[in-house]
Every structure is written in structure tokens, then in C-alpha cells.
Amino acid sequence: MTSLQVNGERLWQSLMTMAEIGATAKGGVNRQTLTDEDRRGRDLFRRWCEEAGLTVTVDRMGSMFGHRPGRDPDRPPVVLGSHLDSQPTGGKFDGALGVLAALEVIRTLNDRGVATEAPLEIVNWTNEEGVRFPPAMIASGVFAGVFDLEYGLSRTDHAGHTIGGELQRIGYAGPQKVGHRPLGALFELHIEQGPILEAEDRRIGVVTGGQGTRWYDCEVIGAESHAGPTPMEARRDALRATAELLGEIYAIAQAHAPDGRATVGELRAFPGSRNTVPGRVAFTVDMRHPDGGVMDAMDHALREAFERARGRAPALEFHLHEIWYAPPVAFDAACIAAVRDATLALGLSAREIVSGAGHDAVYMARVVPTAMIFVPCKDGISHNEAEYASPEACADGANVLLHAVLARAAA
Ligand SMILES: [Zn+2]
């Protein structure tokens with residue numbers, strides 16, 4: 001069946017034609033969600049879907065589904081797609097590749113007269129980027145039950161427009177209930193948006209999940225004193241104690257290399273005077289790992305590091321507050337295997353990879369067996385007008401998508 005391949009040239013043409021909508025002077029795309037540009041992108045996508053014989057429906061969050069019947073109408077559809085909205089200075093490939101490769105899969109099956117047992121559905125999720133209407137991935141989030149519909153429709157932009165109002169304005173406030181229907185599997189092709197595949201010269205990333213994230217607010221309290229007369233051993237220097245602690249925090253990530261991450265992205269010393277010993281330091285910690293058990297071990301290690309700091313400096317106070325935890329997402333083993341098998345059958349070099357960024361598939365993994373496919377992008381650059389994936393990389397990804405979907409929909 002690997003003789004069945006997508007038309008890479010047609011996929012490239014579709015990508016370039018879509019990129020004309022909202023094209024920027026520097027070669028990127030500004031097609032922010034629910035703008036007139038987004039409407040034009042949606043209209044074009046709808047036309048292409050209808051030309052490919054798909055029945056297009058739109059749900060109340062404006063997400064678009066193009067349905068291709070299967071031989072067995074009782075089987076839930078296998079879903080493939082991504083998003084057509086972009087960053088203000090976005091690229092031609094982020095999201096659009098996943099949607100248009102899904103369309104190319106359908107076109108290829110049509111050309112070759114291939115029917116599937118399960119129906120297929122290609123999807124364009126509303127507002128993946130979350131630039132104009134935070135938070136990101138809101139429509140797939142509503143579909144997956146992470147947010148309720150009321151919350152989704154009432155998000156506002158800076159001008160006070162709501163998602164619900166803008167959906168009405170551009171004609172994409174659909175009638176279909178969001179979610180609450182069975183799906184057989186979901187596959188999302190996306191550019192990597194990082195440097196690993198290109199650096200290792202691999203053509204496909206078999207995405208096994210998304211990493212977990214924990215955010216902490218931390219505070220160290222000592223006492224202000226004069227930088228001159230106060231002997232070093234008499235000080236309660238909050239920043240000096242913090243400096244010792246920082247080394248231990250980075251060591252926690254190092255102990256769980258290569259996937260562990262620890263970032264102290266904000267740090268403020270008070271009162272912020274060059275000749276006063278800092279009496280208070282406030283800082284943040286962001287810790288990540290793809291494995292939930294390791295995330296918990298890292299959390300435990302962080303608490304121990306704070307305990308040791310208290311032991312070293314009993315005259316100071318050390319506060320650690322966890323403020324957010326997004327657990328790691330493991331994609332479905334059978335869907336990952338379908339991607340891996342497709343990669344092997346096509347003879348494409350691959351490696352397993354964990355997504356560092358959020359994607360619609362990460363929310364959808366909560367309600368449907370899901371996997372993702374990554375292809376390399378130049379210098380790992382994304383959310384940038386210079387974003388680039390080669391025609392070969394786009395076709396590689398679409399071919400893996402095609403064969404993973406076929407395996408799952410039992411051609
Ligand atoms: Zn994206």
C-alpha cells in the first residue's frame with residue numbers, strides 16, 4: 001500500500017494559495033482567528049472540501065468538519081486536521097500544513113478510488129493560537145470538555161468583541177453541538193517548531209505526547225542591612241540564599257536530562273538598592289517533563305531543596321507555592337504505533353519526540369485516541385514570518401498521515 005502516495009506538488013500549491021490570504025510583506029501570514037482574513041481562509045477551505053466531495057459542518061465554536069463516508073456508517077470517524085488561524089507575524093505552515101495535508105489525503109483517496117471502513121473527517125479548529133482571544137486551543141478545549149461552551153463563546157479581544165459575536169459576523173457560528181459524539185481516532189500533522197529533527201537529520205517525528213508543566217511562586221525572606229558595615233556572617237541576605245537554591249533547582253532538571261526542564265524566568269530582589277543587602281527575593285520556577293512520575297519526583301526534589309535551604313539558613317524564611325499543574329499527556333499507544341509503522345513502511349528516518357508546545361491534539365487526547373506527526377522546519381523557527389518547511393518535508397508528513405489514517409480506518 002505504500003505505493004499510495006499523496007501529490008506533494010498539489011499539497012504545496014494548496015499551502016501557497018492559502019498563504020496568499022493574510023500574506024505579509026516579509027513572506028509570512030497574518031490570519032488571526034475570526035478576522036476577515038480568517039473568513040476568506042475558511043471560505044476557500046470549505047470550497048476545496050466540497051470540491052473533494054466532503055460534507056462540511058460547522059459547530060457552535062466555529063470549528064469546521066469535512067466528512068467523507070465510510071463503508072461502515074456505524075463506525076466513529078477517524079479525524080485528521082489542525083488549524084488555519086495564525087499569529088500576527090505567523091508563518092505559512094503552522095497549522096495550515098495539518099489542515100491542507102488532511103485535505104490532500106482525501107484528494108489522494110478520491111483519485112485512487114480508495115474507500116475506508118470508518119468515515120474520515122478533516123477538521124479546522126477555531127482559535128488554536130489564542131492571540132486575539134486567549135486562551136489558546138479553545139475550540140478543541142470545548143470539544144474535549146476542558147472548557148464549557150459558554151466560556152468559549154464569551155472570550156473577548158482587546159476591542160471587546162466576543163468569539164460568539166465574531167463567529168456570527170463572519171458567518172461561522174455553526175449549528176452543530178460541540179463534542180459529545182464518538183470519534184474513532186485523531187491524527188494531527190504539524191511542523192516541529194523546534195530544532196531537534198533538523199539537527200539530527202530525521203524526516204519524521206513520531207510524537208508520543210506533550211510534556212507536563214508545573215509553575216511555582218517562590219519567596220525568600222531575610223532582612224535588609226547596610227552593605228558596608230554589616231559583616232558577611234551577620235547578614236540575612238535573601239539573594240545569597242536564593243543563589244545557592246538556584247543551583248539546586250537547575251540540578252533537578254539536570255538529574256532528569258535530557259527531558260527535564262527548569263526555568264527561573266522572573267526574579268526580583270527587594271528593595272533593589274545597590275548598597276542594601278536584599279531582604280526579600282521573589283522568583284518563579286517552571287518545571288517540565290513528559291513523564292508524570294518524574295514530574296512528581298522533580299516536585300519532591302524541589303521541596304527537599306527548599307528544606308536544605310532552611311537547614312543552611314535557619315534565620316531566613318523560604319516559601320514555595322505551586323500555582324498551576326498541567327499533567328503530561330501521553331498519546332494513544334495504538335495511534336503512535338500507526339504513525340511509527342507508516343514511517344517504517346515509507347522508509348523515512350524518524351525519532352520519537354515529545355511536543356514542547358501546546359496543540360489541539362493535546363486537549364483532544366483526553367477524549368479520543370490521538371497521536372501527532374512532526375516534520376522538521378528550517379532552523380526550528382516558528383511563530384515567525386521566516387518559518388519554512390520544505391515541499392519534501394510537507395509531503396513526507398502527509399504520506400505518514402495518509403498511511404496512519406488508512407491503518408486506523410481499516411482500508
Ligand atoms: Zn499550530
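Q: How far does the backbone nitrogen of Ser63 lie from a polar atom of the Thr126 side chain?

A: A polar contact is a pair of N or O atoms within 3.5 Å; within protein, one must be able to donate a hydrogen and the other to accept it, and residues adjacent in sequence count only if both atoms are side-chain atoms. Here the separation from the nitrogen of Ser63 is 3.2 Å. The side chain of Thr126 also reaches the backbone oxygen of Met61, at 2.9 Å. Keep in mind that this is a predicted model, where local features need pLDDT of at least 70 and side-chain atom pairs count only at pLDDT 80 or more, while totals for chains, interfaces and linings use all residues. Residues are numbered from 1 along each chain as its sequence is written, and side-chain values use heavy atoms, leaving out hydrogens and water.

Q: Where is Thr126 found, and which residues does Thr126 touch?

A: Look in the loop between β4 (120–125) and α4 (138–143); helices (H or I, at least four residues) and strands (E, at least two) are DSSP runs, numbered from the N terminus. Leaving aside residues up to four places away in sequence, Thr126 touches Thr33, Leu34, Arg42, Met61, Gly62, Ser63 and Ala139, where contact means heavy atoms within 4.5 Å.

Q: Is Thr126 buried or exposed?

A: Buried means under 20% relative accessible area, exposed over 50%, and partly exposed in between (1.4 Å probe, protein chains only). Thr126 counts as buried because its relative accessibility is 0%. Across the protein, 53% of the 411 residues are buried.

Q: What is the peptide bond from Pro134 to Pro135 like?

A: Most peptide bonds are trans, and most residues other than glycine have a negative phi. The bond from Pro134 to Pro135 is cis, with omega near 0 degrees, and Pro135 sits in the loop between β4 and α4. The bond from Phe270 to Pro271 is also cis, with omega near 10 degrees. You will find Pro271 in the loop between β10 (267–270) and β11 (276–277).

Q: Which residues other than glycine have a positive phi?

A: Two to look up are His180, with phi of about 55 degrees, and Asp379, with phi near 55 degrees. His180 belongs to the loop between α6 (163–170) and β5 (185–191), and it is exposed at 71% relative accessible area. Asp379 lies between β16 (370–375) and α12 (391–408), in a loop, and is partly exposed at 48%.

Q: What lines the largest pocket?

A: On a 1 Å grid over the protein atoms alone, a pocket is an open set of points with protein on both sides within 12 Å along at least five of seven lines, a cavity is a set where a 1.4 Å probe fits but cannot get out, and lining residues have an atom within 4 Å of a point. The largest pocket has 22 lining residues, with Met137, Thr213, Trp324, Ala326 and Gly358 nearest its centre. Strand β13 gives the largest share of that lining, three residues.

Q: How many cavities of 30 Å³ or more does a search of the whole structure find?

A: The search finds one. Its lining includes Asp85, Ser86, Gln87, Glu129 and His383.

Note on methods
Grid points are joined across faces, edges and corners, and a volume is the space filled by probe spheres set on the points.
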